[in-house]
Amino acid sequence: MEQQERALAAYVDSVRGEPGALGVVLVGSVAQGRERPDSDVDVYLVVDDERFETETAKGRFAWVERRDADYPGSYIDIKLVSPSYLRAALDRADDPTRASFLGARVAWSELAGLDELVARIATLPDGVWDERIRSHVAQARLYGGYFLRQATERGDEFLRRHAGLHLALAAARAALAANRVMLPGPKYVTKLVHAASTPEGFVAAWDQVVDDPDTASGAELLRVLDAWLGDGLSPDDTLSTFIRDNELHWLRGGVPAEFW
């Protein structure tokens, strides 16, 4: 909308020429064309590596500027990045970080190739998506077929809710990976699951686990998920994949499965 574009232009003018400033990347609802009249403007401020190290050493990773300066309710929501940050994100960023670059638009840049780099962060090859499906199916099987059963047997209410939530998230992530959809964050899970292409009964079973996780609802969701995406993942593969992506993710230098 016109007011957000004016606010973006004003912000770019304010940072252009700052020491170490290299560019501004527009992200979020405005970049993706789904903004409301009072939506804020989300940007990544790209600075050189020296300024990034100086700012972040002081704990300055994100801040807000121009609150109510451009239209009622307006502000610029800023996150700091650098060329090294962006190259690292291309190689190993988690899903929320990658998803934040979906639809991104470079508003101003002194950095050659910034448009291409930003676009590549939000793109994953098919092989990665296929491995994600295996990983999340393994998560679902352990949380739904083991931990949820233990919770019921022990009468452990915390474990029941914990296992049910993680079963639902893992099944959702598997479904989204099958649809080649990244996860921006937890608040989008329900909407994305309901919008995804899934087999008959999946959404109803998923909703039931979210509402009331128990052995019956967990078994039904796993039945639908396994029939859809579980081929080729043996019980031993399931256990090893779960251990690799949960207990040993720190050793591999990766991110926890729920964010991968």
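Reader: What counts as a helix or a strand here?

Author: Both are DSSP runs, numbered from the N terminus: helices are H or I with at least four residues, strands are E with at least two. The model is predicted, so local features need pLDDT of at least 70 and side-chain atom pairs pLDDT 80 or more, while totals for chains, interfaces and linings use all residues. Residues are numbered from 1 along each chain as its sequence is written, and side-chain values use heavy atoms, without hydrogens or water.

Reader: OK. How many helices and strands does the chain have?

Author: There are 13 helices and 5 strands in the chain. Its C-alpha trace spans about 60 × 40 × 35 Å along the principal axes.

Reader: And what share of the residues is buried?

Author: The chain has 260 residues, and 44% of them count as buried (under 20% relative accessible area; exposed is over 50% and partly exposed in between, with a 1.4 Å probe and protein chains only).

Reader: How many of the contacts join residues at least 24 apart?

Author: Taking contacts (heavy atoms within 4.5 Å) between residues at least 6 apart in sequence, 68% join residues at least 24 apart.

Reader: Now the sheet. What is the strand order?

Author: The 5 strands form an open sheet in the order β3-β4-β2-β1-β5, and the pairing is mixed. Strands pair if DSSP finds at least two bridges between them. The edges are β3, residues 62–65, and β5, residues 105–109, each of which pairs on one side only. From one strand to the next the twist averages 25 degrees (axes are lines fitted to C-alpha atoms, for helices over the stretch in contact; angles run from 0 to 180 degrees between N-to-C directions).

Reader: Which helix packs on the sheet?

Author: Helix α6, residues 114–121, packs on the sheet and touches β1 (21–27), β2 and β5. The direction of α6 makes about 150 degrees with that of β5.

Reader: Do tell me about β2. Which way does it run beside β4, parallel or antiparallel?

Author: Parallel: 6 bridges join β2, residues 41–47, to β4, residues 76–81. Valine 41 stands opposite isoleucine 76 in β4, and tyrosine 44 has lysine 79 of β4 as its bridge partner.

Reader: How do β1 and β2 pair?

Author: β1 and β2 pair in the antiparallel sense, over 6 bridges. In that pairing, glycine 23 stands opposite valine 46 in β2.

Reader: Why is β2 said to be largely enclosed?

Author: Because 7 of the 7 residues of β2 are buried, the strand is largely enclosed by the rest of the structure.

Reader: Which residues of β2 point which way?

Author: Val41, Val43, Leu45 and Val47 point one way, while Asp42, Tyr44 and Val46 point the other way, and all are buried. Side chains in a regular strand alternate between the two faces of the sheet.

Reader: Different topic. Where is arginine 66?

Author: Arginine 66 sits in the loop between β3 and β4. Its relative accessible area is 31%, so it is partly exposed. The phi of arginine 66 is near 55 degrees, a positive value in a residue other than glycine.

Reader: What about the phi of aspartate 68?

Author: Aspartate 68 has a positive phi too, about 60 degrees, although it is not a glycine. Aspartate 68 is found in the loop between β3 and β4.

Reader: Histidine 136 next. Buried or exposed?

Author: Buried, at a relative accessible area of 2%. Histidine 136 belongs to helix α7, residues 126–154. Setting aside neighbours within four places in sequence, histidine 136 is in contact with Ala170, Arg173, Ala174, Ala257 and Trp260.

Reader: How many residues separate isoleucine 243 and alanine 138 in sequence?

Author: They are 105 residues apart in sequence, and 9.5 Å apart in space from C-alpha to C-alpha. Isoleucine 243 lies in helix α12, residues 235–245. Its relative accessibility of 24% is why isoleucine 243 counts as partly exposed.

Reader: Last one: where does aspartate 214 lie?

Author: Aspartate 214 is in the loop between α10 (202–211) and α11 (215–229). It is partly exposed, with a relative accessible area of 27%. Aspartate 214 and lysine 58 are 156 residues apart along the chain, and their C-alpha atoms are separated by 46 Å.
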